[in-house]
Amino acid sequence: MPQLSIVHALNQGMHRAMEADSKVLLMGEDIGKLGGVFRVTEGLQQSFGDERVIDSPLAESGIVGTAIGLALYGFRPVVEIQFDGFVFPAFDQIVVQLARMRFRSAGALSLPITIRIPYGGGIGSVEHHSESPESYFAATPGLRVVTCSDSHDAYWMIQQSIASDDPVIFLEPKRRYWQKSEVNTNAKLNEISSLHEARVLSEGTDCTIIGYGPTIATCLQAARLAAEDGVSLEVIDLRSLSPLDMPVLIKSANKTGRVVIVHEASRSGGVGAEIATRLSQECFYKLEAPVMRVTGYDVPYPPSRIEDDYLPDAERILDAVEKCMGY
Amino acid sequence: MDQLDSVVQLLDSNGSFANHSQYISTLSDSELFDFYRDMVLVRALDEQATALQRQGELGLWAPLLGQEAAQIGSARAMRKQDFAFSTYREHGVAWCRGVDPVDMLSFWRGTKHQGWDANQYRFYGYQIIIGAHALHATGYAMGAYLSRNTETGDAGKDQAVMAYFGDGAMSEGDVNEAFVFAASYQAPVVFYCQNNQWAISEPTRRQSRVPLAYRAAGFGIPGIRVDGNDVIACYEVTKQALDRARSGGGPTLIEAITYRMGAHTTSDDPTKYQVFSDVELWRDRDPIERLKVYLRAKGVLNNELESEISDEAAALTERMRKGCRELPDPNPLSMFNHVYSESDLNIDEQRREVETILSRSQNN
C-alpha cells in the first residue's frame, strides 16, 4: 500500500473520481495551471483539460452560485475555497441556497456539490488563514460536513463526498497536509465504510477522547503520553460533523464513562457542545464525570506568534482527562 | 487588449515627459525628487521584508515590487484629512501615510493583527479578504458627506476616501456593490484598482473581457486608465479624482496599469504560470528607472543625491532588521482583550484557564 501525503491522497482521489464520472468537474481560484495554492489539484488540468478543471474568477459567491447552476444542469462540481477565512462571501449561496434545494423542491432537485475548504491553524500564517468555521455548516440542515485526519480517509472520503447526491462541506486539515500515511488504493468505493462513520483509532478503558481533522494527531499523542502514566484513552476520529455517528460515541462513552471532546474551533456553540448534550442525554447513568471540552477559546483567531497558546495541545487534553478521572 | 492603449501617461518608459491634454502637471522639482526618494526607499523596504521572510523572521510577505509608482503617486495625492483603505500589498501607501515600517512587519511576523492605529494615520489596516474594504471605504465616504466634511471649499477640511484593491477584486460582489452604493449616493470615494495583471496565478482576462476601467460606465462612474508605472500620471489622475470627490463630484474608478514583478506572496512560485518575456517587457517599463532618467536630465538628481538616498535606504533596512527581531511576542493572555467593549464572564473564565496553564509552565 502506498504512503501518501494528505495532499497527494486528495489529488489521486479526485483523479479517480473524475475518471469514474465524466460529469465531475473542479472549479476554484488558482486550481488549474498553478494546481491550487496547496497543490492539491496539481496536474489535474493537464490530465482532464481546462473545461473540467476550471480556474474561476476571484469571487467565492460566484464559485458556489455557479456550481449550483452547473449541478442543476447535471454536473457534479467539486469547488475549492482557497482558505477557510475566504468562505464567507459564499455563505449565502451555501446555507441559504445550496443547503435547502432538495427540501424546498420536495426532492425534485438535487445538488451533488462538494465544497473543499482547507481549514484550521498552526501554520504561522496571517489573519483569515487559520479559521475553523465548521460549526456554521454543521448547524445548517441539508449540508453534510466531513473532515479527514489521514491520507486513507482523504483518498476515500473525497470520492464518497463527490459521489454523494447531497452537498458536502469537505474540510481539509491544512496543518496536516504533508503528513504521510498508508492508503489502500485497491479497495472499491462501495466497499468503503460510510462517510459518516466515526472511527475508534485506539481502544482504551479510562476515558474517551473525541477529535477530528487536525486535532487527531494531538489526541493520539495525548493517548501515548497517558499510557506512560497508566491511563488508557480511547481515541475516536469523528470524521463526520454532520450527521454525527452517535451510536459509536455512545458505545464508547458507556464503556469508559468519561469523555473529552477536542476541537480547534471556539468553544461556545461548537461541535463539542452538541456531542456533550447528546451524550449526557443518552449515557447519563453511565457517565462518571461531566463531558469536558478542550477547544480554541471564544476569541477571534489570535496572531500566529501566540497560536500555540490558543490551539489544543496534548497537555490541555491530559488536564481535562485528569479532571474527568477526579470525579 | 493591449494594456497601454488610451492610457494617461506623462512620463514614458524612456523618461521623456510631456503633459497630457487633461492633466497638466504642476509638480515642483523638489516634489518629484521626493517621489523618487519615496519609491527607492519603499523598494528597499519591500526587498528587506522579503529577505526577512526568507530568513524565517516573517511568516509571510506580499511584495509590492513593480508597483511603487502606482502606490506612491496616488498616496501622495491624498491630503492629511483623507482616509485610505487598502489591501495587504499597499506598503507604499502605508509609507506615505506615515506608518513605521517596523509596525508594518508586525502583521506579517504574527505579533499583531493591526500594527498601527487606523485613525492616527488615517490608513486602515491590511485587508486580507479580497474587496471587503471597498464597501467600508464607500461607507466612510458617505459618512464624510453626511457629516458635511465635503464641499465646504476649505482645502484643509474637505475629505475624500481612497479604496485600494487589485484586478482580482473587480470580480468580488463586495466591490461591485461598493460601486452601486458610491454611485447612488455620489460618495466622495476614489476606487483605485492596481491592475498588476495577476490574481495569484490568474491573468486579468480571467476577470474581465474589457479593460477594468470600462466597467465603471455601467455603474455611472467615470473610469480612467493610467500608466501605473508613471508616478507623475498616477499623482495627477488621483489628485483630480480626489478633488472632484471632495467637492461633490462623486466617485471615480482609476485603473492603474502596472505589473506584479514579484510573487503574489512569499509562498507563491510565479514561474509556474508567468511568461518570462512579459516580465522582461515590464522590466523595461520600470517605474523608478524612468523617473531617474528624467530627473537626471533635469539636473534634479545627481550621483551625490543618489548616494544620500542609498545611505538612507541602508539605514532604513538596518532599522527594519533590528526592529523586526525585537518586535515583542504578544502576551498569550492578550488574545482575551478587546473581544468585546466590556468585560465578559465567559471570556474572563477562559482567560483564567490560560493563566493557570502559563503559571504552571513558568513554575516547571
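## Close-up views of a predicted two-chain model

**View 1. A salt bridge between two buried residues of chain B.** The side chains of B:Asp268 and B:Arg260 meet in a salt bridge at 3.5 Å, N to O, where a salt bridge is a side-chain nitrogen of Lys or Arg within 4 Å of a carboxyl oxygen of Asp or Glu. B:Asp268 is buried, and B:Arg260 is buried as well; buried stands for under 20% relative accessible area, exposed for over 50%, and partly exposed for what lies in between, with a 1.4 Å probe and protein chains only. Elsewhere, salt bridges that share partners join B:Arg79, B:Asp82, B:Lys239, B:Asp243 and B:Arg246 into one network. This is a predicted model, in which local features need pLDDT of at least 70 and side-chain atom pairs count only at pLDDT 80 or more, while totals for chains, interfaces and linings use all residues. Residues are numbered from 1 along each chain as its sequence is written, chains are lettered from A and ligands numbered from 1 in the order in which they are written, and side-chain values use heavy atoms, with hydrogens and water left out.

View 2. B:Arg37 forms a salt bridge with B:Glu312, and their closest N and O atoms are 2.4 Å apart. Because B:Arg37 lies in helix α1 (residues 29-54) and B:Glu312 in helix α12 (residues 303-326) of chain B, the pair ties together parts that are 275 residues apart in sequence; helices (H or I, at least four residues) and strands (E, at least two) are DSSP runs, numbered from the N terminus. B:Arg37 has 24% relative accessibility and so counts as partly exposed, and B:Glu312, at 32%, also counts as partly exposed. In the other salt bridge, between B:Arg325 and B:Glu57, the closest N and O atoms are 3.3 Å apart. This pair links distant parts of the chain, with B:Arg325 in helix α12 and B:Glu57 in the loop between α1 and α2 (68-76) of chain B, 268 residues apart. B:Arg325 is partly exposed, with a relative accessible area of 43%, whereas B:Glu57 is buried, with a relative accessible area of 17%.

**View 3. Two pairs of aromatic rings in chain B.** Over all chains the count comes to 33 aromatic pairs, and the rule is that rings of Phe, Tyr and Trp (its six-membered ring) pair if their centres lie within 6.5 Å, with planes under 30 degrees apart counted as stacked, over 60 as edge-to-face and the rest as tilted. The rings of B:Phe107 and B:Tyr126 have centres 5.3 Å apart and planes at 50°, so this pair is tilted. B:Phe107 lies in helix α4 and B:Tyr126 in strand β2 of chain B, so the pair ties together parts that are 19 residues apart in sequence, and both B:Phe107 and B:Tyr126 are buried. The rings of B:Tyr259 and B:Trp282, with centres 5.6 Å apart and planes at 20°, form a pair that is therefore stacked. B:Tyr259 counts as buried at 3% relative accessibility, and B:Trp282 counts as buried at 3% too.

**View 4. The surroundings of A:His263.** A:His263 is found in strand β13 (residues 259-266) of chain A, and because its relative accessibility is 0%, A:His263 counts as buried. A polar atom of the side chain of A:His263 lies 3.0 Å from the backbone oxygen of A:Ala265, and the side chain of A:His263 also reaches the backbone nitrogen of A:Gly272 at 3.2 Å.

**View 5. The interface between chain B and chain A.** Here 44 residues of chain B are in contact with 41 residues of chain A, where contact means heavy atoms within 4.5 Å. The two chains bury about 3,500 Å² between them, 56% of it on carbon and sulfur atoms; buried area is the accessible area (1.4 Å probe) that two parts lose on being put together, summed over both. In chain B, B:His113, B:Lys272 and B:Met335 lose the most area to chain A, together 18% of what that side buries. The count between chain B and chain A is 5 salt bridges, and among them is one in which the side chains of B:Lys272 and A:Glu42 meet at 2.8 Å, N to O.

Terms used. Polar contact = N/O pair within 3.5 Å; in protein donor to acceptor, adjacent residues only side chain to side chain.
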